[in-house]
Amino acid sequence: MVMKASMKSLAAAGVLACLSPLVGAEAINVPAPDFTLESRSGENLRLEDHRGEVVMLNFWASWCGPCRQEMPLMDELYSQYKDLGFTILAVNVDENREEAHRFLDKVPVNYPVLYDPESSVSELYEVQAMPTTVMIDRDGKARYLHYGYQPGYEDDYEQQIRELVRE
């Protein structure tokens with residue numbers, strides 16, 4: 001695990017929330033801490049391996065109602081933009097992986113799902129709400145931070161994805 005101090009910068013960037021043109025999003029520009037987690041496919045995935053791509057890092061849980069609404073919409077964004085250098089890494093924070101599997105049986109997605117049962121990466125990113133989404137640019141900088149989900153956030157996500165894939 002790397003750069004806990006940079007997330008303190010991310011948390012401090014919360015003062016930018018009132019400056020952001022997007023409701024529910026904070027504009028930030030700090031290094032995204034690297035991590036490695038096991039994926040649903042059984043392989044370990046490392047954030048740093050996605051350098052050069054735009055990454056939507058999404059923290060979610062099986063008990064999270066808004067996650068149930070958001071994830072199919074994220075899957076549509078993934079399908080639409082994956083060929084342009086965009087990916088989603090969905091980090092599940094359930095202690096019991098079977099709960100996540102039951103959720104994904106009902107809400108299937110095509111993007112990578114990672115498991116953080118000890119919440120070590122969630123702590124690294126100082127996750128305060130479910131879901132929490134961090135948009136990371138091609139250079140590995142966290143650029144936007146979203147807490148929670150409400151209908152319409154997917155429009156903000158799409159706007160940010162378009163901006164970041166064009167850079």
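Among contacts in the protein (heavy atoms within 4.5 Å) between residues at least 6 apart in sequence, 70% join residues at least 24 apart. The model is a predicted one, in which local features need pLDDT of at least 70 and side-chain atom pairs count only at pLDDT 80 or more, while totals for chains, interfaces and linings use all residues. Residues are numbered from 1 along each chain as its sequence is written, and side-chain values use heavy atoms, with hydrogens and water left out.

The protein has five helices and eight strands, taken as DSSP runs numbered from the N terminus (H or I of at least four residues for helices, E of at least two for strands), and their order from the N terminus is α-β-β-β-β-α-β-α-β-α-β-β-α. Of its 167 residues, 52% count as buried, that is, under 20% relative accessible area with a 1.4 Å probe and protein chains only.

Leaving aside neighbours within four places in sequence, Met71 is in contact with Trp60, Phe103, Leu104, Val107, Val109 and Tyr111.

Met71 also belongs to the meeting of two helices, where Cys67, Arg68 and Met71 in α2 meet Phe103, Leu104 and Lys106 in α3. The residues of this contact divide into four nonpolar, no polar and two charged.

How values were computed: Ala, Val, Leu, Ile, Met, Phe, Trp, Tyr, Cys and Pro count as nonpolar, Asp, Glu, Lys and Arg as charged, and the others, Gly among them, as polar. Buried means under 20% relative accessible area, exposed over 50%, partly exposed in between (1.4 Å probe, protein chains only).
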